[in-house]
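I opened the notebook to record what I looked up in this structure. Each entry covers one place in it.

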Amino acid sequence: MQDLKTIAGQFALKGAAGTIKPLGEGFINDTYLICLEGESEPSYILQRKNHIVFPDVPSMMDNIKRVTEHIKTKVSDPLRGTLTVIPARDGKLYYKDGDGNYWAVCLFIKGSRSYDRADTPELAYQGGLGLGCFHKQVSDFKEPLSETIKGFHNIRWRFQQWDEAIERDAAGRVAGLSEEIGWIESRRSNMMAFWEKFENGIIPTRVTHNDTKISNFLFDAADGSLLCAIDLDTMMSSTMLNDTGDALRSYTNTGAEDDKDLDKVGMSMDMFKAYMKGYLSVMKDELSPVEMEYLAFSGLYITYEQVLRFLMDYIDGDTYYKTKYPEHNLVRTHAQYKLLTSMEARLDEMNAFIKSL
Ligand code: ADP
Ligand code: GN1
Ligand code: MG
């Protein structure tokens with residue numbers, strides 16, 4: 001791999017790159033902070049985009065550029081209200097190095113911070129507001145977006161991958177996982193029934209983010225208020241319920257996504273209420289009755305899908321998600337399953353709260 005300074009030098013930066021340091025805990029891309037020479041504050045974010053996961057990086061960057069330009073026309077501060085893509089010196093939105101790696105740069109949003117978990121209802125409220133604002137900003141974006149990952153939240157496609165993974169049993173782990181596989185199979189028809197409503201057009205198609213965990217939003221470091229949605233690689237056309245679902249999976253969890261202590265994992269109604277208040281304060285009048293009806297269920301859907309994806313990756317021998325230790329994907333599976341059962345137990349309560357709003 002070329003050295004990072006040479007790679008950064010391919011982009012139209014406002015000076016020479018000084019220090020470049022790794023950042024973050026993302027499971028898919030590699031992220032770095034670029035400080036310009038002589039400066040100690042970062043000015044840019046450099047990312048190596050995982051082109052196995054995202055097979056068409058140029059189209060993905062084109063999605064991001066077009067949607068962020070659209071959002072910029074709607075926010076009071078275009079440099080902090082969304083990402084700003086910095087092109088390469090040849091005008092492309094990415095740079096492909098000699099080893100076939102794809103790189104992209106965006107402006108570092110100064111005075112921002114992100115969180116790994118929501119521990120106050122105020123933060124959950126801001127997060128809900130953030131997703132609501134994002135959905136509203138893109139609601140009149142009518143141009144087609146390319147599908148950056150095939151069937152990303154399409155459970156019909158995920159079941160096809162799942163059946164193939166079980167059949168392949170690449171890591172020889174299937175025999176020891178009958179309980180976990182049962183968790184998936186016992187809910188299969190219920191989850192398919194939901195997705196069929198989207199396939200049949202009963203649930204509408206919108207521009208969606210698809211990776212709305214808390215760390216993919218930036219907040220103002222000074223006052224905690226919402227700035228913008230980031231990590232826009234998975235933006236595609238789908239149902240907004242993917243986004244509320246993934247957000248509920250993330251914001252309402254009282255433990256970590258990969259908590260080994262299952263007693264810590266569960267769904268917090270307080271965070272749920274705060275998140276929904278924030279989200280619906282922007283989106284209430286935009287949603288169709290069927291979207292409203294499935295708002296609470298969306299958390300179950302995406303958490304279920306996440307259990308399936310972590311378990312499937314474990315069955316495949318850990319080829320998709322970055323892992324820190326050999327059983328990591330199985331630990332994630334158990335923690336997300338605990339969260340799922342906790343959500344299931346609170347579904348009626350969640351629905352009642354949404355009605356009350
Ligand atoms: P990954 O795909 O690895 O999850 P992200 O795009 O989510 O990468 O970035 C990882 C982290 O880097 C974010 O959670 C956030 O803390 C920080 N970050 C990313 N982009 C920016 C930006 N433009 N300005 C400031 N911080 C950023
Ligand atoms: C991945 O890239 P990152 O870390 O924001 C994954 C999400 C999962 C998430 C689980 C492209 O998100 O779908 O929900 O991990 N992104 C992709 O934490 O697969
Ligand atoms: Mg991220």
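**Entry 1: L177**

I note here that the model is a predicted one.

I then looked up where L177 sits, and found L177 in the loop between α4 and α5. Which residues does L177 touch, not counting residues up to four places away in sequence? I listed L311, Y314, I315 and L330. I also checked one distance along this list: L177 and L311 are 134 residues apart along the chain, and their C-alpha atoms are separated by 9.2 Å.

**Entry 2: helix α4**

Next I took α4, which runs over residues 155–168 and has 14 residues. From its first C-alpha to its last, α4 reaches 19 Å, and I wrote beside this the 20 Å expected at 1.5 Å a residue. The two values are close.

I looked up which residues of α4 are buried and got I155, R158, F159, W162 and A165. Seen down the axis of α4, these buried residues fall within an arc of 125°, so they line one face of the helix. What do the buried residues of α4 pack against? I found three helices as partners: α5 (178–185), α6 (188–199) and α9 (289–315).

I also checked both ends of α4. After α4 comes D169, and I noted that the phi of D169 is positive, near 45°.

**Entry 3: T244**

I moved to T244, which I found in helix α7 (residues 240–251). The relative accessible area of T244 is 0%, and T244 is buried. I searched for a polar partner and found that the side chains of T244 and S298 are joined by a polar contact of 2.9 Å. Leaving out residues up to four places away in sequence, I listed L131, Y279, L295 and S298 as the residues that T244 touches.

**Entry 4: ligand 1**

Around ligand 1 I counted 18 residues, of which L107, I109, S114, S215 and N216 are the closest. I looked at backbone atoms and at side chains. A polar backbone atom of L107 is 2.9 Å from a nitrogen atom of ligand 1, and for I109 the distance from a polar backbone atom to a nitrogen atom of the ligand is 2.8 Å. On the side-chain list I found N29, with a polar atom 3.3 Å from an oxygen atom of ligand 1. Taken alone, ligand 1 exposes 550 Å², and the protein buries 90% of that. I also asked which elements give two or more residues to the shell around ligand 1. They are β3 (44–49) and β6 (102–107).

**Entry 5: ligand 2**

How many residues are around ligand 2? I counted 17, and K213, E257, Q306, R309 and Y320 come nearest. I then listed side-chain distances to oxygen atoms of ligand 2:

- Y320 has a polar side-chain atom at 2.5 Å.
- Q306 has a polar side-chain atom at 2.7 Å.
- D211 has a side-chain N or O atom at 2.9 Å.

Taken alone, ligand 2 exposes 440 Å², of which the protein buries 97%.

Note on methods. Residues are numbered from 1 along each chain as its sequence is written. Chains are lettered from A and ligands numbered from 1 in the order in which they are written. This is a predicted model: local features need pLDDT of at least 70, side-chain atom pairs count only at pLDDT 80 or more; totals for chains, interfaces and linings use all residues. Side-chain values use heavy atoms; hydrogens and water are left out. Helices (H or I, at least four residues) and strands (E, at least two) are DSSP runs, numbered from the N terminus. The expected span of a helix is 1.5 Å times one less than its number of residues. Buried means under 20% relative accessible area, exposed over 50%, partly exposed in between (1.4 Å probe, protein chains only). The arc is that of the directions from the helix axis to the C-beta atoms. Contact means heavy atoms within 4.5 Å. A residue is near a molecule or strand if one of its heavy atoms lies within 4 Å of it. A polar contact is a pair of N or O atoms within 3.5 Å; within protein, one must be able to donate a hydrogen and the other to accept it, and residues adjacent in sequence count only if both atoms are side-chain atoms. Accessible areas come from the Shrake-Rupley method with a 1.4 Å probe; for residues, only the protein chains shown count as cover.
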